[in-house]
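Me: Hey, I've got this protein open and I'm a bit lost. Can we go through it piece by piece?

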Amino acid sequence: MPAEPALRIAGPSGRRKPIKRKLTQAWCRSVAPPTEGRLVVHDTATPGLVLTVTAKGSRAWYLYKKIDGKPRRFKLADADVALEDARKLFYKELARFHDGKNPAAERRRRRQRVTTLAELWTLYGEERERTPRTITAETSLWKQVGAMDRRALDSIKVEDVAALHSRIGKKRKVTANRVVQLVRRLFRFARRRRLYTGDNPAEGLELYPERGRERYVKPSELPALLAAIDAEADPWPDYFRLLLLTGARRSALAAMKWADLDLNAKTWAIPASDSKNKTGITVALVPEAVTRLERRLAASKENAKYVFPAPSKEGHVVNPYEAWKRIRDAAKMDNLTMHDLRHTTGSYLAAAGVSAPMIGKALGHRSMSSTMRYMHLDVESIREELAHVADAMAAATPTQKGNT
């Protein structure tokens, strides 16, 4: 494997040089996004197949080929598609060239035929680089568009988008705002691709006011919540308690690797590839978190990779929602989300008098990215403050046999 610094080589113009290497599925999953620009990796095992990774974490597969002497790229799929499947798509598309077809010309003709919002949505998905998280979110929002998808682009007016916004907003105001923002992006995309020259009907539309969610677990609610968590089967008691003890995002904790833990130093180094903000984060571990992790390590299989392994495509737990629903029902806290556990950690740190910059470091907020490189200087201080969370949990835990 080439040395990791090779991923950051830049040419005389300052642009990042393409990387050439034999790709593996494990490498494709683990490669971190660049700090800026786009990382371009050519698969030497499949010449012409390229993986791109942007600074925002968007990943996509492309076919690179010279057309009329000029290098061109054709998007094959978003990079949630496995390497093996990407290679199959590559050979399928390459065969079309060998059959005398020109996918570039076909794509131009398809663009010229884009007249409806639904056709624009399809092209948007084919040509835009999006993260798996964005694909899931935008697909869900698209389903809310309804019959407007059959409308011609030039027939959609401001009042039509306003009516859609109002209809969805009767029950879900935040969702209504996000749908309008998606329609706005689609029309901006159409204008950039010169598929549409009219006004953007979603531009300037007044959205519903939004307030940041402030729900957190109150001290009086902790006993019921912790009892419900501890009643679950493995691995959920450790998983949900560690969410509270670390303030980590659920996806990062689900993908926690033993290689990223230093239980002697009581730290967890979340790699940029597992961080929502695509920035490496060092989490200070309080004693209870270390104890739980040591117990899991002792019970884990030899050479285990993940702290929370599962028979999933990813190799670790990915769907804690059913367990969380049982916990909420048992604790009678229907309006509590998993992300509110992260809010709870932040709230307890604030209640203990911890400064906003320190909380930002503890939770890995993007606003603190400029100081994250110096975070190792404050790991001990953060651990001391996070201990307040553990103390509050311990005080709220009902005394019973086997409870930890």
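Me: Which residues in α8 meet α12?
Reply: Ala224, Leu225, Ala228 and Ile229 in α8 meet Trp324, Ile327, Ala330 and Ala331 in α12. Contact here means heavy atoms within 4.5 Å.

Me: And how many of those are nonpolar, polar or charged?
Reply: The contact of α8 with α12 has 8 nonpolar residues, no polar ones and no charged ones. Ala, Val, Leu, Ile, Met, Phe, Trp, Tyr, Cys and Pro count as nonpolar, Asp, Glu, Lys and Arg as charged, and the others, Gly among them, as polar.

Me: Is this a real structure or a predicted one, by the way? What was counted?
Reply: It's a predicted model: local features need pLDDT of at least 70, side-chain atom pairs count only at pLDDT 80 or more, and totals for chains, interfaces and linings use all residues. Residues are numbered from 1 along each chain as its sequence is written, and side-chain values use heavy atoms, with hydrogens and water left out.

Me: Back to the helices. At what angle do α8 and α12 cross?
Reply: Roughly 135 degrees, and the axes of α8 (residues 222-230) and α12 (residues 321-331) come within 8 Å. Axes are lines fitted to C-alpha atoms, for helices over the stretch in contact, and angles run from 0 to 180 degrees between N-to-C directions. α8 and α12 are therefore oblique to each other. For the wording, angles under 35 degrees count as roughly parallel, over 145 as roughly antiparallel, 65 to 115 as roughly perpendicular and the rest as oblique.

Me: Left-handed or right-handed?
Reply: α8 passes α12 in a right-handed crossing. A crossing is left-handed if the near helix is turned anticlockwise from the far one by less than a right angle, and right-handed if clockwise.

Me: What about α9 and α11, how do they pack?
Reply: α9 (residues 236-246) and α11 (residues 287-299) pack at about 150 degrees, with axes 10 Å apart. That makes them roughly antiparallel to each other, and their crossing is left-handed. The contact is made by residues including Asp238 and Arg241 of α9 and Glu288 and Arg292 of α11. By class, there are 5 nonpolar, no polar and 6 charged residues in it.

Me: New topic: how many helices and strands are there in the chain?
Reply: 15 helices and 8 strands. Helices (H or I, at least four residues) and strands (E, at least two) are DSSP runs, numbered from the N terminus.

Me: What's the strand order in the open sheet?
Reply: The open sheet of 5 strands goes β1-β2-β3-β4-β5, with mixed pairing. Two strands pair if DSSP finds at least two bridges between them. β1 (19-21) and β5 (70-78) are at the edges with a single partner strand each, so one side of each has no neighbour in the sheet.

Me: And β2 with β3, how many bridges?
Reply: 5 bridges, joining β2 (residues 38-43) and β3 (residues 49-54) in the antiparallel sense. One partner pair there is His42 with Val50 in β3.

Me: Which helix lies across β2, β3, β4 and β5?
Reply: That's α2 (residues 83-98), running at about 25 degrees to β4 (59-67).

Me: Last one: what do β6 and β7 form?
Reply: A hairpin with 4 residues between the strands, and Lys266 in the turn has a positive phi of about 60 degrees. β6 (residues 261-262) and β7 (residues 267-270) run antiparallel, joined by 2 bridges.
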